[in-house]
Amino acid sequence: MTEQATIRPTFAARYRKILFGGFAVLLFFAAWQTVFLFVPFNPLFISKPSLIAAGLVDLVGSGDLFHDLAVSAVPFFIGLAAAVIVGVPLGIVMGWRARVGYALDPLMTAFYASPLVALAPLLVIFFGVGVSGKAIIVFVLSVFPFIFNAHAGVRAVDRLLINVVRSLGGGEWDLYRKVIFPSVLPYIVAGARIAVGRALIAVLVGEFFAASEGIGYAISRFGDIFALDRMFGCIFAVMVIAVVLTEGIRWAERAAFPWRVGQ
Amino acid sequence: MAGYIEGRNVSLTFRPPNRAPVRALGGFDIAVEEGEFLSIVGPSGCGKSTFLNVLLGLVKPDGGEVLMHGKPIGGPGSDRAMVFQEFGLLPWRTVQHNIELGLELKKVAAEKRHATAERLVALVGLAGFAAHYPHELSGGMKQRVGLAQALATDPDVLLMDEPFAALDAQTRDLMQAELLRIWREARKTVLFVTHQIDEAIYLSDRVMVMSKRPGRAKKIFAIDLPRPREYEMRVTPQFNDLKLAIWNTLKDEIVA
């Protein structure tokens, strides 16, 4: 290979997306910090990055943060897993079996549109303050993106591919396995990005109402005792987790579906 | 005459919900001989593709009968395979796995599938592309995969529904020559639906002209050009006479 016209982008050009994004984040925290040079600072009502960072170091050092996160992770993942297990097949059947779709669509749309968070106290009363109550809140909030995305995915299935598999002798089950499920999979992953955000909210809300540990409980307790530095520290930790999870799914999407690159 | 594939008085009406019914086929007769290359030309919407779907077993006619080897066609079967206009490739499967699809559905062992795919990849001229995804291929290459996918289950009959219509003119010329080469090697009966009279003459033993909807067989032309066909035959007086005769039969059926 001769060393010819391979154009090498400069460092700045290659990482321009991350550089610009990162710069904006830094600017935001810098502005937050500096504004209190001009505005009176009252730690009972507001915090600032330097104090939050110190609070975070405290929480990490004492192990409290990781303990709370670990406690919250249990209902988060159980609820999310249940949402996938129930939501995906339900959405696929709703999309593939027209009559099931007609029957369930209005109900599901109504549930999705209603402020389900408002039911959280009720769910805690029904199912208790333990893991199950919170897992159910997570499930209720995060199941709908899976249902609706799987449904939309099935409706976008290329009829031609159905005919291809049928003409080659494939039966109903082959259609699900060879065409419908692979077509729907990227939609499910896209749904997972939305569901993860809703599931995080669900865990926090569940723990606000009734809990003795967990990250939502920590946020609400630190708020109650006006320890705003640590409250914001916990919020910041949740924020980072949310970003890592959604970006991680986005990355997995690109890695897992190379055939979508050209679409 | 008892044909290899026979359609007698086939009729089919589509009844879409909330819309007027459409008579796609009405009293359609056809007899195809074994090993023959028969093209069907006709105006848009005359039911030519519908008939291929009937033969494939995806659609049931309302009236008449369609026989193969003297037996009625009841559904899809591995003695027939379709090459689709839009290629019909699963985008999440590589070339090799697309070719293996039909064998997979027939539960053929992996080793045998791989061997068949390897042979067909070479036959359709895609050596070195077995691990590529459809979106990485050109239109002509995609249709080569489509052809290999249809050939994989070793059907007796190839049904081709305007297979080259989505290709540019030069690729189409090349693919026609390729198809003839593969047809010589694989020795299949081919039913080829097209809009292009040139293409039909160049490829076929016989060309059937269909009427406008509801489709019937209007006239059949025997193409007595020698084989193997050469590109130069397209500019001979004999070719042009056939083209004119077919066009004159077809033009009354076209509703612009």
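**Figure 1. Surroundings of Leu159(B).** In this predicted model, Leu159(B) touches Leu52(B), Leu55(B), Leu56(B), Arg80(B), Ala81(B), Met82(B) and Leu191(B), leaving out residues up to four places away in sequence. Leu159(B) is also among the residues with the most contacts inside the largest nonpolar core, together with Val138(A), Leu55(B) and Leu191(B). This core has 126 residues. Its greatest contribution comes from helix α7 (residues 131-155) of chain A, which gives 14 residues. In soluble globular proteins, nonpolar side chains tend to be buried together.

**Figure 2. Strands β6 and β7 of chain B.** Strand β6 (residues 80-83) and strand β7 (residues 157-161) of chain B pair in the parallel sense, over four bridges. Within this pairing, Ala81(B) stands opposite Leu158(B) of β7(B). Arg80(B) and Met82(B) point one way from β6(B), while Ala81(B) and Val83(B) point the other way. Residues on both sides of this strand are buried, Arg80(B) included. In a regular strand the side chains alternate between the two faces of the sheet.

**Figure 3. The side of chain A that touches chain B.** Here 18 residues of chain A are in contact with 20 residues of chain B. On the chain A side, two elements give two or more residues each: α8 (159-167) and α9 (172-209). The largest share, seven residues, comes from α8(A). By class, this side of chain A has 10 nonpolar, six polar and two charged residues.

**Figure 4. Gly233 in helix α11 of chain A.** Gly233(A) is placed in helix α11, which covers residues 228-256 of chain A. Is Gly233(A) buried or exposed? Gly233(A) counts as buried because 25 C-beta neighbours lie inside 10 Å. Apart from neighbours within four places in sequence, Gly233(A) is in contact with Ile52(A), Gly55(A), Leu56(A) and Leu59(A). Leu204(A) lies 29 residues from Gly233(A) in sequence, with 15 Å between the two C-alpha atoms.

**Figure 5. Helix α2 of chain A.** Helix α2 of chain A takes in residues 16-35, 20 residues in total. From its first C-alpha to its last, α2(A) reaches 28 Å, close to the 28 Å expected at 1.5 Å a residue. The number of buried residues in α2(A) is zero, so this helix lies largely in the open. An α-helix has 3.6 residues a turn, so residues three or four places apart point the same way.

**Figure 6. Tyr231 in a loop of chain B.** Tyr231(B) is found in the loop between β10 (217-222) and α7 (237-251) of chain B. Tyr231(B) is exposed, since 10 other C-beta atoms lie within 10 Å. Although Tyr231(B) and Leu174(B) are 57 residues apart in sequence, their C-alpha atoms are 9.9 Å apart in space.

**Figure 7. Chain A as the setting for the views above.** The secondary structure of chain A comes to 11 helices and zero strands. Its C-alpha trace spans about 75 × 70 × 30 Å along the principal axes. The radius of gyration of chain A is 23 Å, whereas a compact globule of 263 residues would have a value near 18 Å. Of the 263 residues in chain A, 32% count as buried. Among contacts in chain A with a separation of 6 or more, 75% are between residues 24 or more positions apart.

Terms used. Residues numbered from 1 in each chain as written. Chains lettered and ligands numbered in written order. Predicted model: local features only at pLDDT ≥ 70, side-chain atom pairs only at ≥ 80, totals over all residues. Contact = placed C-beta atoms within 7 Å. Nonpolar A, V, L, I, M, F, W, Y, C, P; charged D, E, K, R; others polar. Buried ≥ 20, exposed ≤ 12 C-beta atoms within 10 Å, placed from the backbone. Pairing = 2+ DSSP bridges. Core = buried A, V, L, I, M, F, W, Y, C linked by C-beta atoms within 7 Å. Expected span 1.5 Å × (residues − 1). Rg over C-alpha atoms; globule rule 2.2 N^0.38 Å.
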